[in-house]
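Welcome, and thanks for taking a look at this model with us. Please have the sequence and the 3D view open as you read.

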Amino acid sequence: MFEVLMFDGGIYRSNELYELIDDLGGVVINQTRSQQMLMITMAIPGDEIPAVEKLAKELGGVTKKVSLGGTEIAVVGPTLGRHHMPHPICDIAEMLRRLGAITVVMGLARGRGKGRAQIMAEEKAIVNEYDAAVFMMGNFKTCIEAKSHLFSEIEKPVVLVTGPRPEGLDEDCEAIVDGVGRKSERMRRPDERAKLEEISEAMVKVIEDRRKIILEDPLFVHPAEVMQLLEGLDAVTYNLRPAPVVLRLDGLRVKIPYREHVKELEELQVYGRRLGDVAEIRPSRLSDSSTIIRILSRSEVEYKDSE
Amino acid sequence: MNITVEGTDPYGNEAYHELFRRILIDLGKNRVVEEVRIVQRPADPVFVYSLRLRTRPERRVLSDVATLRDEPEGARLTISDEVFAPAILSILWERYRRDRVDQLSRYEISVQGVSVEEIEDIEVSSGDKVKNEIIDAMWRTLPEGMKARYNLTEGNVLTILATEDKMTEELKEEARAMHRAMGGEVNV
């Protein structure tokens, strides 16, 4: 069983760490280098974690379990205008990234206005591609309650972040964190940092619940193992985009064009099966330069085989 | 600067009080504002912002903010209102290049090869700049969806009424009453 770990240290002898990850059958999910500092998010088989921790300590770094590692989360605001961006949406996204999530910040095209706010079907489909979403609302109770249609039909779990606590919206989202609202500056004060912790705890609980549901009918193969296969593809190796392969709870996002590479992806072999037979491969609604691979559960594969 | 917020949403009132205060500080305009009154009814939705500046912003030329005299090398200025020093330097540098404009001391500037007559009427501050910046602060604060607006911006009182729906004569009259109460003039 893979677990996601984050290494936080320096670049000194980091090649030894990369070699160890490879030797243990793990995979690097994301890496961030800032001058001499290095942060690596990795998926490692659970029983090999002590070996990684030992080397990390020797290299002068630290390892920590990241509760949102291997997830992709959307942070959604009504618009990308100055009223809603960058604060506090970017602070929330950064907090989730520190817990290992890959985040995307999104603004709706027509999300402004109490009576006129709307979300397009395309936007709903895009949000539904992520493992979960945070919807950021403002400071007026009546306005938040009037805008519930923006997130009530999202199929993935939603954490709603607002100023005042709205009423009657508990069925439309997994969790509500109030006391935030519009900000004109970064959330730096202790009470504001506490609110960010509250938001991240709510999201961690949402993801853990989702993981438990997946465990009840496990995936045919762990997404990290498919990630290892994808790293052998030229289109991924020579991809210039940061994090060309992103892990999600039930699969991966591969940032290569669907039409050009779907055949190649379907023919990848995993445990003696074609990937195309044990996963749904489709183009991303966000852009045709990305492909979504949703790994089927074991029972889904069995059912498919029986047909 | 005194800000009062009245409205039907207690959380929103407190939040927007702080939001507007912070936006004015960030823009460096809190010192030019004397009083602000905000009325907000988000359920309708209607927002009225009325603001009084400490002084009426006026157009200023160089001779208003500095004493000028002719010297053999060119014009010599002694800045009398230091608030305008950055603007004076910036405008003279742009017009005559840095190598011809010397800041001899904190208040003294020499402009080579230029007579007093040539520079005394250069505009240093437009009265509209401060007002436009304050109006920008008000637009930044108002909720983004409130696109129907009624503005009263003559003199040193600025009032903006904003709503998402139809702008009615009744709402306009409410804005005018607030504008007058803040000391503004309304020419209807």
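This is a predicted model: local features need pLDDT of at least 70, side-chain atom pairs count only at pLDDT 80 or more; totals for chains, interfaces and linings use all residues.

Residues are numbered from 1 along each chain as its sequence is written, and chains are lettered from A and ligands numbered from 1 in the order in which they are written. Helices (H or I, at least four residues) and strands (E, at least two) are DSSP runs, numbered from the N terminus.

**Cis peptide bonds**

- In chain A, the bond from A:H87 to A:P88 is cis, with omega near -5°. A:P88 sits in the loop between β5 (72–77) and α3 (89–98) of chain A.
- In chain B, B:D44 and B:P45 are joined by a cis peptide bond with omega about -5°. The loop between β2 (33–41) and β3 (46–53) of chain B holds B:P45.
- As background, most peptide bonds are trans, and most residues other than glycine have a negative phi.

- A:A243 has a positive phi, near 50°, and belongs to the loop between α8 (234–237) and β10 (245–248) of chain A. A:A243 is partly exposed, at a relative accessible area of 21% (partly exposed lies between buried, under 20%, and exposed, over 50%, with a 1.4 Å probe and protein chains only).
- A:Y271 is not a glycine either, yet its phi is about 50°. Its place is the loop between β12 (269–270) and β13 (273–274) of chain A, and A:Y271 is exposed, with a relative accessible area of 57%.

**The sheet in chain B**

- Five strands of chain B make an open, mixed sheet in the order β1-β2-β3-β11-β10, where pairing takes at least two DSSP bridges between two strands. Its edge strands are β1 (2–7) and β10 (148–152) of chain B, each pairing on one side only.
- From one strand to the next, the twist averages 10° (angles run from 0 to 180 degrees between N-to-C directions, and axes are lines fitted to C-alpha atoms, for helices over the stretch in contact).
- β3(B) and β11 (residues 157–163) of chain B run antiparallel and are joined by seven bridges. B:R52 has B:V157 in β11(B) as its bridge partner.

**Helices on the sheet**

- Helix α6 (residues 169–181) of chain B packs on the sheet and touches β2, β3, β10 and β11 of chain B (contact means heavy atoms within 4.5 Å). The direction of α6 makes about 155° with that of β11(B).
- Helix α1 (residues 10–26) of chain B lies across β1, β2 and β3 of chain B, at about 150° to β1(B).

Methods. Side-chain values use heavy atoms; hydrogens and water are left out.
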